[in-house]
Amino acid sequence: MSGVDKALNLIFLGPPGAGKGTQAVFVTKEYGIPQISTGDILRSAVANQTPMGVKAKRYMDDGLLVPDDVVVGIVEERLASSDCDGGFILDGFPRTVAQADALGAMLKGAGRAVAHVISFEVDHSVLLGRLTGRRMCRSCGRGYHVLFDRPSAEGLCDACGGELFQRDDDKEETIRRRLDVYDEQTSPLKSYYADKGLLRKVDALGTIESVQSAIQCILVGR
Ligand code: AMP
C-alpha cells in the first residue's frame, strides 16, 4: 500500500499518571479504534505466568523498562490485527528512541503512518499523588482514584463488581523510579516527534473533560 494513510493512528505520550489510559477510553468509544496498552498486555502476561510475563515481571516490579525487543514484538503482533486497520491508540509505547524507530519501520513497511503524537503535559510534582491514589479492578482492569474517581461502593468496581487493588508499581518508591526512567528514556521522544511535525501538546493538568476536549480539537483538526 502506498499514498497517505488516513487511519487514526495515534500515540499517547506522557509520564505515568498523566491520564493517558483515561483519555484513551474516551477516544476508543468515540472513534471505535482500539487502545493498545503495552503495560496492560504485560500485566496480563505476568498474571498468566507466560514466559514473556515471567521475564517482564522483574523489570516491572522495579519500575524499569522491559527490554525493547519484548515490547516491540508485542506491538508488532497486535498492530497486525484487523481491528487496527482504521486506527489505534498506542498507550505507553514507544518509550525509548529505539522503540520509536522500530515502530516507524514497521508502520512504513505496512504503508501506514502515525497521524498524531499527543503529548500529555503535566508537572511531575502532581503525579506522585495521582499515582499513589490509583486503584484498578482485578477483573476488568478499569481504573479508579481514591480522591478523583471513586467507585460507588468502597473497594468494588462499578462496572463489574470486581475487587479493586493497588498496582505494585504504584507504590511511592517505584513511582519515583518510573518518573526518573520517563525523564531519561522517554521524554526525548518529544523532540523526536516534534522534529517530524507530529507532536501535539495537551495540558494534562486540567479536568478529565477539559483534556478530553483538547484531544477532540486535535483529532477534528481545529
Ligand atoms: P504502564 O502501565 O504503561 O505504566 O506500564 C507498566 C510497566 O510495564 C512499565 O513500568 C514497564 O516496566 C512496562 N512497560 C510498559 N510499556 C513499556 C514499553 N513501551 N517499554 C518498556 N517497558 C514497558
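**Loop, ligand and helix contacts in a predicted model**

User: Where is P94 found?
Analyst: P94 sits in the loop between strand 3 (87-91) and helix 5 (97-109). Keep in mind that this is a predicted model.

User: OK. Which residue does a cis peptide bond join to P94, and what is omega?
Analyst: The cis peptide bond joins F93 and P94. Omega is about -5° there.

User: What about phi of Q49?
Analyst: Phi of Q49 is near 50°. That is a positive value in a residue other than glycine.

User: And where is the place of Q49?
Analyst: Q49 lies in the loop between helix 2 and helix 3 (51-61).

User: Switching to the ligand. Which residues come nearest?
Analyst: T38, R43, L64, G92 and Q99, out of the 16 residues around the ligand.

User: How does that shell split by class?
Analyst: Seven residues are nonpolar, four are polar and five are charged.

User: Which helix gives the most to the shell?
Analyst: Helix 2 does, with four residues.

User: Which side chains have a polar atom by a nitrogen atom of the ligand?
Analyst: T38 is one of them, with a polar side-chain atom 2.8 Å from a ligand nitrogen. Q99 is another: an N or O atom in the side chain of Q99 is 2.9 Å from a nitrogen atom of the ligand.

User: And which backbone atom of V66 lies by a ligand nitrogen?
Analyst: A backbone N or O atom of V66, at 3.0 Å.

User: How much of the ligand's accessible area does the protein cover?
Analyst: The protein covers 95% of the 480 Å² that the ligand has on its own.

User: Back to helix 2. How do the axes of helix 2 and helix 4 cross?
Analyst: The axes of helix 2 (residues 38-47) and helix 4 (residues 68-79) cross at roughly 105° and come within 11 Å.

User: Which residues make the contact?
Analyst: Helix 2 brings T38, I41 and L42. Helix 4 brings V70, V71, I74 and V75.

User: And by class?
Analyst: The contact has six nonpolar residues, one polar and no charged ones.

Notes. Residues numbered from 1 in each chain as written. Predicted model: local features only at pLDDT ≥ 70, side-chain atom pairs only at ≥ 80, totals over all residues. Heavy atoms only, no water. Axes fitted to C-alpha atoms, helices over the stretch in contact; angles between N-to-C directions. Helix = DSSP H or I, 4+ residues; strand = E, 2+ residues; numbered from the N terminus. Contact = heavy atoms within 4.5 Å. Nonpolar A, V, L, I, M, F, W, Y, C, P; charged D, E, K, R; others polar. Near = heavy atom within 4 Å. Polar contact = N/O pair within 3.5 Å; in protein donor to acceptor, adjacent residues only side chain to side chain. Areas by Shrake-Rupley, 256 points an atom, 1.4 Å probe, with all protein chains shown as cover.
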